Amino acid sequence: MDKNSLAWHVAYQCKQEGAEFVITNTEQAISLAETNSAATELGCTVIACDATNVSDIENLLEKSQEILGGKIDFILHSVAMSQNLRRHRAYPDSNYEYYNITLDVSAVSLHKILQTCIKTDALAEGASVVTLSFIASERFMEGYGEMSDAKALLESIVRNMGGIYGQLRKVRINAISQSPTQTRAEKCFPETEYFHKYADKMAPLGRATATDCANLCVMLFSDYTKGLTMQTLYNDGGFSQTVLSGNFMDSFRNAFEDKK
Ligand SMILES: NC(=O)c1ccc[n+]([C@@H]2O[C@H](COP(=O)([O-])OP(=O)(O)OC[C@H]3O[C@@H](n4cnc5c(N)ncnc54)[C@H](O)[C@@H]3O)[C@@H](O)[C@H]2O)c1
């Protein structure tokens with residue numbers, strides 16, 4: 001986690017609302033010091049955890065409950081990584097070892113966290129779990145590669161675990177499909193600068209910011225959304241519902257007129 005991470009913005013807004021929490025990342029990411037300095041600024045503890053490793057998750061949940069003094073009220077799952085994209089391997093040429101790692105880190109990790117929560121009864125009755133997704137889970141997007149498949153799986157896990165955990169402990173599980181936002185993970189994708197401009201023009205409200213995402217997370221963690229679960233909510237300024245906007249058409253027309 002660094003200052004651009006969506007998780008940082010969420011943690012910051014949670015702090016503003018008086019929440020107590022711990023933050024986590026892989027041992028390797030923590031050694032880069034940014035996660036530790038985020039923890040110092042947020043006044044919280046950082047606990048190392050590889051989200052694909054069940055014994056790490058057990059340790060994280062146990063230590064978190066010790067520190068927080070009881071069962072957990074909310075979890076943000078803000079984890080993604082694509083091995084093929086990092087190595088510039090195009091989708092049809094995916095290496096399947098990398099592909100499996102991508103699915104494990106970016107989607108199955110949520111299943112592992114929730115399974116461990118159920119087995120250890122780590123979540124309080126009515127707790128809220130939020131994960132972060134992207135519109136490419138359901139639409140073709142050139143260059144998003146295997147991450148599209150990971151996000152589709154992630155949203156499916158949200159529905160299936162939401163259905164089970166809702167009945168067990170009234171736990172809510174939702175995904176936020178967020179606008180493209182400048183972060184470290186996003187740097188793997190090609191031509192993000194142009195894509196941001198495109199999304200800004202196409203979305204009637206423009207792109208939703210990291211702070212918009214954080215505010216929505218706070219609302220989903222709160223008791224104001226006790227009846228909301230198993231959903232993918234589009235925090236994208238209306239992008240996912242738009243085929244063409246006047247703002248985009250104006251820029252498109254101007255760009256082509258300039259070329260004449
Ligand atoms: N930035 C965007 O445009 C955007 C849009 C929609 C959704 N999202 C999603 O938001 C989430 C957060 O991404 P971000 O953009 O803030 O980037 P980020 O790089 O700041 O966050 C990704 C985090 O995942 C961590 N991570 C990777 N492998 C891990 C593992 N095995 N165990 C534990 N942690 C691990 C990384 O260390 C990093 O802190 C991701 O799920 C991403 O797909 C991002």
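This note goes through the sheet, the core and the ligand shell of the structure.

1. Basis. The model is predicted; local features need pLDDT of at least 70, side-chain atom pairs count only at pLDDT 80 or more, and totals for chains, interfaces and linings use all residues. Residues are numbered from 1 along each chain as its sequence is written.

2. Sheet. Four strands make an open, parallel sheet in the order β3-β4-β5-β6. Strands are DSSP runs of E with at least two residues, helices are runs of H or I with at least four, and both are numbered from the N terminus. Two strands pair if DSSP finds at least two bridges between them. The edges are β3 (72–77) and β6 (232–235); each has a single partner strand, so one side of each lacks a neighbour in the sheet. Neighbouring strands are turned by 20 degrees against each other on average, direction ignored. Their axes are lines fitted to C-alpha atoms.

3. Strand β5. Six bridges link β4 to β5. Seven of the seven residues of β5 are buried, so the strand is largely enclosed by the rest of the structure. Buried means 20 or more other C-beta atoms within 10 Å of the residue's own, with C-beta atoms placed from the backbone; 12 or fewer means exposed, and in between is partly exposed. Both faces are covered: R172, N174, I176 and Q178 lie on one side, and I173, A175 and S177 on the other.

4. Helix α9. L216 sits in α9 (residues 210–221). L216 counts as buried because it has 20 C-beta neighbours inside 10 Å. Beyond four places in sequence, L216 touches I176, L233 and N235; contact means C-beta atoms, placed from the backbone, within 7 Å. L216 and L233 are 17 residues apart in sequence and 9.4 Å apart in space, C-alpha to C-alpha.

5. Core. The largest nonpolar core has 62 residues, and V10, C213 and C217 touch the most other members. Such a core is a set of buried Ala, Val, Leu, Ile, Met, Phe, Trp, Tyr and Cys residues joined through C-beta atoms within 7 Å. Leaving aside neighbours within four places, C213 contacts L6, H9, I176, Q178, A208 and N235.

6. Ligand. The ligand is surrounded by 25 residues, the closest being S5, A80, L132, T183 and A185. A residue counts as near if its C-beta atom, placed from the backbone, lies within 6 Å. α1 (6–16) and β4 (123–133) are the elements that give two or more residues to this shell. By class, the shell has 13 nonpolar, nine polar and three charged residues.

Methods
Two residues are in contact if their C-beta atoms, placed from the backbone, lie within 7 Å. Axes are lines fitted to C-alpha atoms, for helices over the stretch in contact, and angles run from 0 to 180 degrees between N-to-C directions. Ala, Val, Leu, Ile, Met, Phe, Trp, Tyr, Cys and Pro count as nonpolar, Asp, Glu, Lys and Arg as charged, and the others, Gly among them, as polar.
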